[in-house]
Amino acid sequence: MATKIRLQRGGRKSYAFYSIVIADARAPRDGRFTEKIGSYNPNTNPATVDLNFDRALYWVEVGAQPTDTVRNILSREGVYLMKHLKTGVKKGAFDEATAQKKFDAWKADKQKGLDKVAAEVAKVKKDAADKAFAAEQKVNEAIAKKVADKKAAAVAAPEAEAPATEEAPAEA
């Protein structure tokens, strides 16, 4: 029986949410599956992946063939790196502790890069918000100036008309 690691669609219309499942290659996309090993939400930025790492690694080592999208997800999560490192341990290139150190170093480096990208995105959002706030303040100041000029003109206009009305009854 050929097994595949594939995505099973869920969620509502225009808001897809996927489960990462192990299924028979002949089963339909949203049909019967053997095991659910995680979930994938492409609607968030960055996409959210919740994966049972040990089970994913087991199924990859057993020979389950992932689809292209799932292969990319597993690669980003480090499943294929760990498979590669375990192969090196089996061949005697290095021991289990060294393999784990290499994997932890890779994971830490990856997390550092993700944090850096998140900080840059937050900085860009903050700069855009500050720029929008400054533009809004400028518009508000212009509106306040127009209102003040209009009030000053309204106060000056009755004063100019007031002496003319006082003189008119005095002449009659």
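How many residues has helix α3, and how far does α3 reach from its first C-alpha to its last? Select residues 79–91 to see helix α3, which has 13 residues and reaches 19 Å between those two atoms, close to the 18 Å expected at 1.5 Å a residue (the expected span being 1.5 Å times one less than the number of residues). This is a predicted model, in which local features need pLDDT of at least 70 and side-chain atom pairs count only at pLDDT 80 or more, while totals for chains, interfaces and linings use all residues. Residues are numbered from 1 along each chain as its sequence is written, and side-chain values use heavy atoms, with hydrogens and water left out.

Stay with α3 and colour Val79, Met82, Leu85 and Gly88, which are buried (buried means under 20% relative accessible area, exposed over 50%, and partly exposed in between, with a 1.4 Å probe and protein chains only). An α-helix has 3.6 residues a turn, so residues three or four places apart point the same way. Just after α3, select Gly92, which takes a positive phi of about 90 degrees.

Now zoom out to the protein chain, whose secondary structure comes to 4 helices and 5 strands, running β-β-β-β-α-β-α-α-α from the N terminus on (helices are DSSP runs of H or I with at least four residues, strands runs of E with at least two, numbered from the N terminus). The C-alpha atoms fill a box of roughly 120 × 40 × 20 Å along the principal axes. The radius of gyration is 34 Å, whereas a compact globule of 172 residues would have one near 16 Å (taken over C-alpha atoms, with the globule rule being 2.2 Å times the number of residues to the power 0.38). Of the 172 residues, 23% count as buried.

Next, select Thr3 in strand β1, residues 3–12. Thr3 is buried, with a relative accessible area of 15%, and, leaving aside residues up to four places away in sequence, Thr3 touches Ile22, Ala23, Trp59, Ala64 and Gln65 (contact means heavy atoms within 4.5 Å).

From there, move to Ser14 in the loop between β1 and β2, the latter spanning 15–24. Ser14 has a positive phi of about 65 degrees although it is not a glycine, and at 71% relative accessibility Ser14 counts as exposed.

Finish at Pro46, placed in the loop between β3 (35–41) and β4 (48–51), where the peptide bond from Asn45 to Pro46 is cis, with omega near -5 degrees.
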